[in-house]
Amino acid sequence: MRKVIVLLAVVVVVMVSAVAFADSFNETLRKAQRGNADAQYQLGVMYAENKNYSDAARWFTKAAEQGHSLAQLTLGIAYEYGRGVEQNYYTAAILYNSAAQKGLEAAQVLLDDLIDRMADSSHEDEGFYDTPNTPQYGG
């Protein structure tokens, strides 16, 4: 139940963020291409809203690498559920941890839940123990 509430809260944050960002897609794209982490995150939201998860993940990654906490959280969710990226719980945990260290309580809740599931040995074939050479996400 706690995870459902957290996921709903994340969806609300993403939706409010999308509404609050008044720039047009083209202006947002220009800013994102210049390295603006907020614009990169916003562009990821725009792509995700249109169900283009691979492009969304690409822009969330760019923002997350700059330490954008909401991008880290959102990208963590993408990795946990395999939306636009190959599902990888280890990478999701790293991203959740980075966002949690910046004070995002939702990220800590998702991290705790993921760790609990990782501790359950019945998930050995689900990618919990894949440990790729994962980049740091603005930790």
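Two aromatic pairs are found in this structure, which is a predicted model. A pair of aromatic rings is described by how far apart the centres lie and by the angle between the planes, and both values are given below for each pair.

The rings of Phe-25 and Tyr-47 have centres 5.8 Å apart, with their planes at 85°. Planes over 60 degrees apart count as edge-to-face, so the pair of Phe-25 and Tyr-47 belongs to that class. Phe-25 is part of helix α2 (residues 25–33), while Tyr-47 sits in helix α3 (residues 37–49). The pair therefore ties together parts of the chain that are 22 residues apart in sequence. The two partners can also be described by their accessibility. Phe-25 has a relative accessibility of 33% and so counts as partly exposed, whereas Tyr-47 is buried, its relative accessible area being 17%.

The other pair is formed by Tyr-41 and Phe-60. Here the ring centres are 5.6 Å apart and the planes stand at 40°, so this pair is tilted. Tyr-41 and Phe-60 are both buried.

Between these two helices, the loop joining α3 and α4 holds Lys-51. Most residues other than glycine have a negative phi. Lys-51, in contrast, has a phi near 65°, a positive value in a residue that is not glycine. With a relative accessibility of 60%, Lys-51 counts as exposed, because the cut-off for that class is over 50%.

Helix α4 (residues 53–65) and helix α5 (residues 69–81) have axes that come within 8 Å and cross at roughly 140°. This angle makes α4 oblique to α5, because only angles over 145 degrees count as roughly antiparallel. The crossing of the two helices is left-handed. On the α4 side, the residues that meet α5 are Ala-57, Phe-60, Thr-61, Ala-63 and Ala-64. Their partners in α5 are Ala-71, Gln-72, Thr-74 and Leu-75. Sorted by class, this contact comprises 6 nonpolar and 3 polar residues, and no charged ones.

Technical notes
Residues are numbered from 1 along each chain as its sequence is written. This is a predicted model: local features need pLDDT of at least 70, side-chain atom pairs count only at pLDDT 80 or more; totals for chains, interfaces and linings use all residues. Side-chain values use heavy atoms; hydrogens and water are left out. Axes are lines fitted to C-alpha atoms, for helices over the stretch in contact, and angles run from 0 to 180 degrees between N-to-C directions. Helices (H or I, at least four residues) and strands (E, at least two) are DSSP runs, numbered from the N terminus. Angles under 35 degrees count as roughly parallel, over 145 as roughly antiparallel, 65 to 115 as roughly perpendicular and the rest as oblique. A crossing is left-handed if the near helix is turned anticlockwise from the far one by less than a right angle, and right-handed if clockwise. Contact means heavy atoms within 4.5 Å. Ala, Val, Leu, Ile, Met, Phe, Trp, Tyr, Cys and Pro count as nonpolar, Asp, Glu, Lys and Arg as charged, and the others, Gly among them, as polar. Rings of Phe, Tyr and Trp (its six-membered ring) pair if their centres lie within 6.5 Å; planes under 30 degrees apart count as stacked, over 60 as edge-to-face and the rest as tilted. Buried means under 20% relative accessible area, exposed over 50%, partly exposed in between (1.4 Å probe, protein chains only).
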